[in-house]
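Work through the exercises below with the sequence and the structure at hand, and try each task before reading its solution.

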Amino acid sequence: MMLSPLSPAPALTLPVLIAEAEPQAQMRFLEFFAATIRNVHTRRAYARGCGDFLAWCSERGVTALPQIQPLHVAAWIEELGREVSVPTVKQRLAGVRHLFDWLVRTQVVPTNPAVSVRGPAYSVRRGKTPVLDPHEARTLLDSIDVSTCIGLRDRALIALMTYSFARVGAALAMRVEDAFTQNRRLWVRLHEKGGKLHEMPCHHNLEEYLHAYIDGCGLAEDRKGPLFRTIARGTGQLSRTPLPQANAYQMVRRRGLAAGIGTAIGNHSFRATGITAYLKNGGTLERAAAMANHSSTRTTQLYDRRHDGVTLDEVERVMI
């Protein structure tokens with residue numbers, strides 16, 4: 001069923017259980033994603049998880065939302081755990097819980113079938129994000145041809161994520177005015193999760209790269225425009241379209257391969273690389289958490305790879 005008036009083209013296709021429900025239930029379903037979730041990535045992830053669950057229920061003979069029981073949720077989680085990672089299972093279960101909590105509050109269903117279902121246990125002390133050692137990071141930055149706007153942009157973005165520990169989403173959300181001078185030093189203003197603003201002074205290398213990019217590409221006068229932009233097709237010049245996160249990921253992978261780096265790096269690798277380099281050079285975990293805008297040092301510890309070198313040294317003791 002299509003609800004064209006309520007959605008942009010192409011029209012939104014609702015899950016069968018929602019499409020066959022009363023109009024009020026359809027509206028509450030859409031309101032859950034549009035009105036209660038502000039983060040676009042969370043909205044997308046929850047929509048995928050809820051859609052998969054409702055489709056799974058339809059395939060097993062469930063014909064109405066009130067028929068869904070905790071047993072359905074538990075069976076779905078059990079099956080899902082054989083196909084995807086534990087964090088993905090927990091995320092999708094959270095989405096279903098929140099959806100049904102909303103449907104209970106808006107009187108679409110009487111109870112939340114997911115509230116009593118426990119997700120799989122998951123504990124991690126070391127992150128899985130691939131990191132670079134300082135020499136590799138330096139090699140990558142130096143390998144970029146900065147004779148073009150593309151090169152200036154890519155070097156500035158990689159350096160921003162490395163030196164300021166910025167999330168790629170926060171970096172790509174920056175406007176030109178978010179790189180500003182204060183106390184004779186360049187600062188950056190990062191738009192973090194939950195609408196929070198996080199300001200950081202720039203490392204001298206980052207300051208040099210940002211100035212080269214902004215001045216070299218003529219962005220200084222367009223203060224309200226996006227800082228990191230796509231390249232206009234066929235021109236080789238910057239457009240006014242913000243650089244999508246997927247494009248940034250492709251750029252990072254392409255630059256890594258061109259620099260001869262074998263590590264399968266991604267956008268988040270530079271955040272972990274910067275934090276690890278900072279801690280190796282005498283920085284404290286508490287300061288690193290503040291610089292990375294982490295609410296807890298436990299999160300920062302996931303990015304700390306100082307012990308990787310110790311592990312490699314110990315492995316080499318196996319003299320066979």
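## Exercises on a pocket and on helix packing

By class, the residues that line the second largest pocket of this predicted model comprise 10 nonpolar, five polar and one charged.

**Exercise 1.** State the volume of the second largest pocket, and find which residues are closest to its centre and which elements give two or more residues to its lining.

*Solution.* The first step is the volume, which comes to about 420 Å³ for the second largest pocket. Next, the lining consists of 16 residues, and of these Thr162, Tyr163, His203, Gly274 and Ala277 are the closest to the centre. Finally, the elements that contribute two or more residues to this lining are helix H6 (134-143), helix H7 (149-163), strand E3 (197-201) and helix H11 (269-280).

**Exercise 2.** Describe how H7 packs against helix H9 (residues 204-216), giving the angle and the distance between the axes, the handedness of the crossing and the residues that meet.

*Solution.* The axes of H7 and H9 lie 9 Å apart, and the angle of packing is about 150°. Since angles over 145 degrees count as roughly antiparallel, H7 is roughly antiparallel to H9. The crossing of these two helices is left-handed. On the side of H7, the residues in contact are Cys149, Leu152, Arg153, Arg155, Ala156, Ala159, Leu160 and Tyr163, and they meet Asn205, Leu206, Tyr209, Leu210, Ala212, Tyr213 and Gly216 of H9. Sorted by class, this contact has 11 nonpolar, two polar and two charged residues.

**Exercise 3.** Determine how H7 is oriented towards helix H10 (residues 245-258), and list the residues that make the contact.

*Solution.* The axes of H7 and H10 come within 11 Å and cross at roughly 95°. The range from 65 to 115 degrees counts as roughly perpendicular, and H7 and H10 are therefore roughly perpendicular to each other. From H7 the contact takes Ile150, Gly151, Asp154, Leu157 and Ile158, while H10 supplies Ala248, Met251, Arg254 and Arg255. By class, there are five nonpolar, one polar and three charged residues in the contact of H7 with H10.

**Exercise 4.** Carry out the analysis for helix H2 (residues 23-35) and helix H5 (residues 86-105).

*Solution.* The axes of H2 and H5 cross at roughly 125° and come within 10 Å, an angle that makes H2 oblique to H5. The crossing of H2 and H5 is right-handed. Arg28, Phe29, Glu31 and Phe32 of H2 make the contact with Gly95, His98, Leu99, Trp102 and Leu103 of H5.

Definitions and conventions. Residues numbered from 1 in each chain as written. Predicted model: local features only at pLDDT ≥ 70, side-chain atom pairs only at ≥ 80, totals over all residues. Heavy atoms only, no water. Axes fitted to C-alpha atoms, helices over the stretch in contact; angles between N-to-C directions. Helix = DSSP H or I, 4+ residues; strand = E, 2+ residues; numbered from the N terminus. Parallel < 35°, antiparallel > 145°, perpendicular 65-115°, else oblique. Left-handed = near helix turned anticlockwise from the far one by under 90°. Contact = heavy atoms within 4.5 Å. 1 Å grid on protein atoms, 1.4 Å probe; cavity = no way out; pocket = protein on both sides within 12 Å on 5 of 7 lines; lining within 4 Å. Points joined across faces, edges and corners; volume = space filled by probe spheres on them. Nonpolar A, V, L, I, M, F, W, Y, C, P; charged D, E, K, R; others polar.
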